[in-house]
Amino acid sequence: MQTSQHNCATSGVHGFLYQHAPDITPYCSSHYQVFDNNMYPNNPTQGNQISFQNFNEEYITLDSGQNAGLYNIYDSPSGVSTSSNRSQFSPQGSQSYISDPPQSSDNTYGSPMSNSSVVDDNTELRNQLRELERSLMGPDSPRSADGHYCSLSHGGNHGSSSNQLMEMLPKMDLKQVLYLCAQAVSEKDVSTAETLMDALGKMVSVCGTPMQRLAAYMLEGLRARLESSGYTIYKKLRCEQPTSSELLTYMHILYQVCPYFKFAYMSSNLIIQEAVGHERSIHIIDFQIGMGTQWISLIQSLGNRPGGPPLVRITGVDDSQSAYARGAGLELVEKRLLMEAKKCNVPFEFHAAAMSGCQVKRENLSIRPGEALTVNFPYMLHHMPDESVSTANHRDRLLRLVKELSPRIVTVVEQESNTNTSPFLNRFAETLDYYTAMYESVDVALARDDKKRINAEMHCLARDIVNMIACEDAERVERHEPFGKWRARLSMAGFTQLPLSYTVIDGVRGLLKEFHGNYRLQEWHGALFLGWKNRILSSSSAWR
């Protein structure tokens, strides 16, 4: 069935973000055009070789190229393992590659497999945009210090410039128009931004290619930012979600079709079991307990321990958003884990700390002497405001608090992105690059007209995207940092990084065999990185 045969239901501005989709017809807002899926074929992976590069430790990418560096690469089933005597991550940003294969035919969404990165891509895009500005503005138009023209709307005849802009738009791809729109919003050039938004509305679709779907949500973020309604839109996304059972279903869909959560759970569990699995009494503090799913497999494993299982205590830190998704408080998690522990004959206790990480103090964590303490931060620390938001700096305060507890092991899993203190346009480009890879990875697992996929992306990913683009200051709660910055923060808090064992790496490598061949796994500087094609998306590390 071709989605282009369906009409998009009419809704208000931003309306498609707030409703779940009962059938295929209402998936698309009146702003969006639905495209024929047959125009964008999904070709199978060619098993290309890749390498990982570092650009001043700000971005970590996975690229194809020539000449080898010192590292191990763990691909999904079709991958390779390569090593030599040079590091692929050098302070000088070495341009070393394994090989330079032809462009992969499965690379249809805008994540180049060869000789590219977010830095290179954005540089090329900026050059193209400058050419567009030059053609619109003429040689005598005012420029900023960095060589950019001040605004596309500057000049004597705005109507003429608008006409020129409309003539140029058909020559530009979706990514270029989107970035140009972000530039206009950044410069508060309302007229140009609205012109570009009207054009984008005809190019994007929540049931199109990964780029078209992502652009639909990024466009809504730009609309909200231009209208100075960013936080209002974000709160509406949070308050007008589907029912808790529906939201839990959508989250479970992403859990099943993508390895991001399983990567976090398995790597952290293996690290914890290696560190304290032999102890008689184990206390785990989980700062993002969710449904407690992560601990089911650990309880099962400890139940089979030679000599008998240990006493396991779990302190679950929670917030109202997680409680909404569960449809109940932490008592639901406690009941679930108690049932599993009983089946496995594992002595078990649960302590609830129903509060956000910003509120946690030592007395909330039920610390007891003589127990082997472990702390788990699964995709959680980036929600803590840092010194750029508030003098309270809860991000570093929480790390110092945990260090004072003297845990045996601390596991940290985070999204590998740099959006915390980046200026708006840099943050926009980074968000576009990061989520392009994520949307591609969902695309290979679920059909484009699949209602479950549309709802999962709409309710589990769109909120974060809108928040990063539309909101600023304390209202922007999605504040990712790359591994290099987390390493600096943890070191300043007094932690020492521990290298990951072969058992951990091999266990996660086995997990990836269940998923698409474009997922990549690499160890670097003692941490483990999960990527899609040439883009790193998550990191997992251990600290003490």
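Helices (H or I, at least four residues) and strands (E, at least two) are DSSP runs, numbered from the N terminus.

**Basis of the model**

This is a predicted model, in which local features need pLDDT of at least 70 and side-chain atom pairs count only at pLDDT 80 or more, while totals for chains, interfaces and linings use all residues. Residues are numbered from 1 along each chain as its sequence is written, and side-chain values use heavy atoms, with hydrogens and water left out.

**The loop at Glu-187**

Glu-187 sits in the loop between helix H3 (174-186) and helix H4 (190-201). With a relative accessible area of 31%, Glu-187 is partly exposed; buried means under 20% relative accessible area, exposed over 50%, and partly exposed in between (1.4 Å probe, protein chains only). The C-alpha atoms of Glu-187 and Leu-226 are separated by 10.0 Å, and the two residues are 39 apart along the chain.

**Cysteines and helix H15**

A disulfide is a pair of cysteine sulfur atoms within 2.5 Å, and by this rule the count is zero. Cys-181 is buried, at 0% relative accessibility, and Cys-258 is buried as well, at 2%.

Helix H15 (residues 462-470) is mostly covered, with nine of its nine residues buried. Among them are Arg-463, Asp-464 and Asn-467.

**Packing of H7 against H14**

Helix H7 (residues 244-257) and helix H14 (residues 451-460) have axes that come within 9 Å and cross at roughly 105°. Axes are lines fitted to C-alpha atoms, for helices over the stretch in contact, and angles run from 0 to 180 degrees between N-to-C directions. H7 is therefore roughly perpendicular to H14 (under 35 degrees is roughly parallel, over 145 roughly antiparallel, 65 to 115 roughly perpendicular, the rest oblique).

The contact (heavy atoms within 4.5 Å) involves Leu-247, Tyr-250, Met-251, Ile-253 and Leu-254 of H7, and Lys-452, Asn-455, Ala-456, His-459 and Cys-460 of H14.

**Aromatic pairs**

Rings of Phe, Tyr and Trp (its six-membered ring) pair if their centres lie within 6.5 Å; planes under 30 degrees apart count as stacked, over 60 as edge-to-face and the rest as tilted. The count is 14 aromatic pairs. Tyr-255 and Tyr-265 form a tilted one, 6.1 Å centre to centre with 40° between the planes. Tyr-255 lies in helix H7 and Tyr-265 in helix H8 (residues 260-276), so the pair ties together parts ten residues apart in sequence. Ring pairs link Tyr-255, Phe-261, Tyr-265 and Tyr-379 into a cluster. Tyr-265 is partly exposed, at 21% relative accessibility.

Phe-483 and Trp-524 have ring centres 6.1 Å apart and planes at 65°, so this pair is edge-to-face. Phe-483 is in helix H16 (residues 483-492) and Trp-524 in strand E10 (residues 519-524), 41 residues apart. Both Phe-483 and Trp-524 are buried.
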